Structures are given as C-alpha cells and as structure tokens.
Amino acid sequence: MGIKNLDAALNGEKQKNLFARFPLVLACSPRRGNCDLAAQIFASELAGKYDFFDLPPFFLRHCRVAPCISCGACEKRRRAAASAGPEPGTHETGDIVCPCVEHDESEIVFRALLEAPEVCLVSPIYFYNLPAQFKILIDRSQFYYNNPGLRAKKNKRQVKVILIGGRRKGENLFSGSLLTLKYFLSALGREVAADPLLLYGLDGPEDLQSRPDLQEQIAAYARR
C-alpha cells in the first residue's frame, strides 16, 4: 500500500478513528526484495486473524518524509501546551506547527503507528543499523518525545519487529537497530516486543524466496 491509498482512505472515511481499525505492517526497505516479502507474509497472516479479505503492507519508500532540521518547534509546542491544550494526535498548538509536516506525508504514518491495534516493523540492516529512509522517520519522532501528550494513549502496546541482515552471523548485527527502535517506539508510547524476529544470511533481494523455513518462521511470528 502506498501513501495515496492511505490518504484516499482517510479522506473518504467519515470516522475519525480510521487507523485504529487496521493493523500496520510497515516495510522499511528502500528496495523491493526480502523485506517486502516478509511484510507480505506477515500481513497475510494478520488479514486472517482480523478477518480481512486483504491487508497490504505499507511501504515506507512510497512515502515522502522530510528530515528533522532541529528547528525547535516541538520544544516551543511543549512549552505552549501548558497554556493552550493541543488537539490529540496532531502536530499543532495554535500557531506552533512542525514545519516539516507542511512538506511531507509523515503525519499519516505517525497516526497509523500511534493508533493501529497491532504494528509490525520490517527492516533490513545497513552497516549494523537501519536504512536512511527509516532513520529519517525515526528522527521526526522528536516531536512526540518533546510532547508526550501526543503519544499512544494505551499502556505501552508492543510492536513486533522483523530485522533482516545479509551476514550469516554476528553477535551484534542487530543490537544497534534494536536499541534505536526501543527509544523510537518509547517516544510514541509503544515498545519493542520481547521476541523480535532476527533473520541472518538474506543478502540478495530474492534470497527469502528460496527459504520456506524462514517464511514459515515469519508466518508463525504473525500468529503469536
């Protein structure tokens, strides 16, 4: 699913809690390949769990997200919130708006991350951490870090995580990414599930296609 699909659904939906109805499987790879397939397998299992005919993953590479420019607007918003109550789930308090929101589509992604009843993040490993496009989104969560009133309202719902590395072994291959995700999700009022699925040895974009054993691990992970 691309940003146009989500935006069209949002504009055509009268109910305010659209995203609260649908699980989110966020595929964070900049290329087509293993992460897309993993996300599709996971989403297919969730579709059955939620009795949906179909549940396409959301591909972050289809979404325009501007990088944080450290402008300080989120800190100004936090100070202003004491005297002017914010609208829940928005980046606004009076005239104080994150300027990046005006030029990208990140708000839709954050709304889904905050409101979805179940979330799974699927990402490759680049130099022992997360790819640049995903890291840009993570940096933009500073707004929620500085404004805890905008975080998910329910107590620390867990987020499932699938990380895919090209190396066949490495004790610390996923450590940096898991630490980054821990604090990213904390800023949103969520947390990494206790049992992330960590897959080694999937370097080429089609490697997962020839590993039915790993495909079954992904499906089983979605069913938990």
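Which residues in helix 4 are buried?

1. Helix 4. Ser106, Glu107, Ile108, Val109, Phe110, Arg111, Ala112, Leu113 and Leu114 are buried. Buried means under 20% relative accessible area, exposed over 50%, and partly exposed in between (1.4 Å probe, protein chains only). Helices (H or I, at least four residues) and strands (E, at least two) are DSSP runs, numbered from the N terminus. With 9 of its 10 residues buried, helix 4 is largely enclosed by the rest of the structure.

2. Basis. This is a predicted model, in which local features need pLDDT of at least 70 and side-chain atom pairs count only at pLDDT 80 or more, while totals for chains, interfaces and linings use all residues. Residues are numbered from 1 along each chain as its sequence is written, and side-chain values use heavy atoms, with hydrogens and water left out.

3. Aromatic pairs. Rings of Phe, Tyr and Trp (its six-membered ring) pair if their centres lie within 6.5 Å; planes under 30 degrees apart count as stacked, over 60 as edge-to-face and the rest as tilted. By this rule there are 6 aromatic pairs. One of them is tilted: phenylalanine 110 with tyrosine 144, 5.1 Å centre to centre and 45° between the planes. Phenylalanine 110 lies in helix 4 (residues 106-115) and tyrosine 144 in helix 6 (residues 142-146), so the pair ties together parts 34 residues apart in sequence. Both residues are buried.

4. Phenylalanine 174 counts as buried because its relative accessibility is 3%. Tyrosine 200, at 32%, counts as partly exposed.

5. A cluster. Phe22, Tyr50 and Phe52 form one aromatic cluster.

6. Strand 5. All 6 of the 6 residues of strand 5 (residues 119-124) are buried, so this strand is largely enclosed by the rest of the structure. In a regular strand the side chains alternate between the two faces of the sheet. Here both faces are covered: Val119, Leu121 and Ser123 on one side, Cys120, Val122 and Pro124 on the other.

7. Its partners. Two strands pair if DSSP finds at least two bridges between them. Strand 1 (residues 24-27) runs parallel to strand 5, joined by 4 bridges. Leucine 26 stands opposite leucine 121. Strand 6 pairs with strand 5 in the parallel sense over 5 bridges. Proline 124 stands opposite isoleucine 164 in strand 6.
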